[in-house]
Structures are given as structure tokens and as C-alpha cells.
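Here is a guided reading of one protein chain. Keep the structure in view and find each part as it is named.

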Amino acid sequence: MPRPHRFHDVIRLGPVQVGTHYDSRGRAKYTAACTAPGCGFSGDYPDRSGAELAARTHHCPA
Ligand SMILES: [Zn+2]
């Protein structure tokens, strides 16, 4: 999994990690990424609650 940014305030919800990072314009972005092998789920969300909701409701397809 590429990690182009440094993440802050990383939490883990099940297999999914949620972290905050800042884009090139300094705006906060919220990313949810599954750490389960072979899953590959990840997404960017405009707010933290959206990323945490995605993490909580994620079910690995594998
Ligand atoms: Zn998953």
C-alpha cells in the first residue's frame, strides 16, 4: 500500500485504519484503509466521521 503522505491521529477500527493527512494545499483529508491481506480497500473522505463510518461498516470481501 503506497503511503505518499504522513498520517496523523491514526486509529484502528477492526482491520481498517483511519488517519488524517494534509494534501498539497494544506487541506485535511481523511483516509480509511483496510490492512487485511488481499483486501485493498481504501478511500478518501471529506470528513473524519465519514471515514470512520466507512471503516466501521467495511466488510472484507475475502
Ligand atoms: Zn477489508
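**From one residue to the whole fold**

Ala-54 is found in helix 1; helices (H or I, at least four residues) and strands (E, at least two) are DSSP runs, numbered from the N terminus. The model is a predicted one, in which local features need pLDDT of at least 70, side-chain atom pairs count only at pLDDT 80 or more, and totals for chains, interfaces and linings use all residues. Residues are numbered from 1 along each chain as its sequence is written.

Is Ala-54 buried or exposed? A residue is called buried if 20 or more other C-beta atoms lie within 10 Å of its own, exposed if 12 or fewer, and partly exposed in between, with C-beta atoms placed from the backbone. Ala-54 has 22 other C-beta atoms within 10 Å, so it is buried. Two residues are in contact if their C-beta atoms, placed from the backbone, lie within 7 Å. Leaving aside neighbours within four places in sequence, Ala-54 is in contact with Ala-32, Gly-43 and Tyr-45.

Now take the helix as a whole. The buried residues of helix 1 are Ala-51, Ala-54 and Ala-55. Seen down the helix axis, these buried residues fall within an arc of 100°, so they line one face of helix 1; the arc is that of the directions from the helix axis to the C-beta atoms. An α-helix has 3.6 residues a turn, so residues three or four places apart point the same way. On the face of helix 1 turned away from the buried side are the exposed residues Ser-49, Arg-56 and Thr-57. What covers the buried residues of helix 1 includes strand 1, strand 2, strand 3 and strand 4.

Next come the strands. The protein has one helix and four strands, and from the N terminus on its elements run β-β-β-β-α. An open sheet of four strands has the order 1-2-3-4, with antiparallel pairing; two strands pair if DSSP finds at least two bridges between them. Strand 1 (8–13) and strand 4 (42–45) stand at the edges with a single partner strand each, so one side of each has no neighbour in the sheet. Strand 2 (residues 16–22) and strand 3 (residues 28–34) run antiparallel and are joined by seven bridges. In this pair, His-21 stands opposite Lys-29 in strand 3. Helix 1 (residues 48–57) packs on the sheet, and its direction makes about 5° with that of strand 3. For such angles, axes are lines fitted to C-alpha atoms, for helices over the stretch in contact, and the angles run from 0 to 180 degrees between N-to-C directions.

Most residues other than glycine have a negative phi. Asp-9, in strand 1, has a positive phi, near 50°. Asp-9 has 11 other C-beta atoms within 10 Å, so it is exposed.
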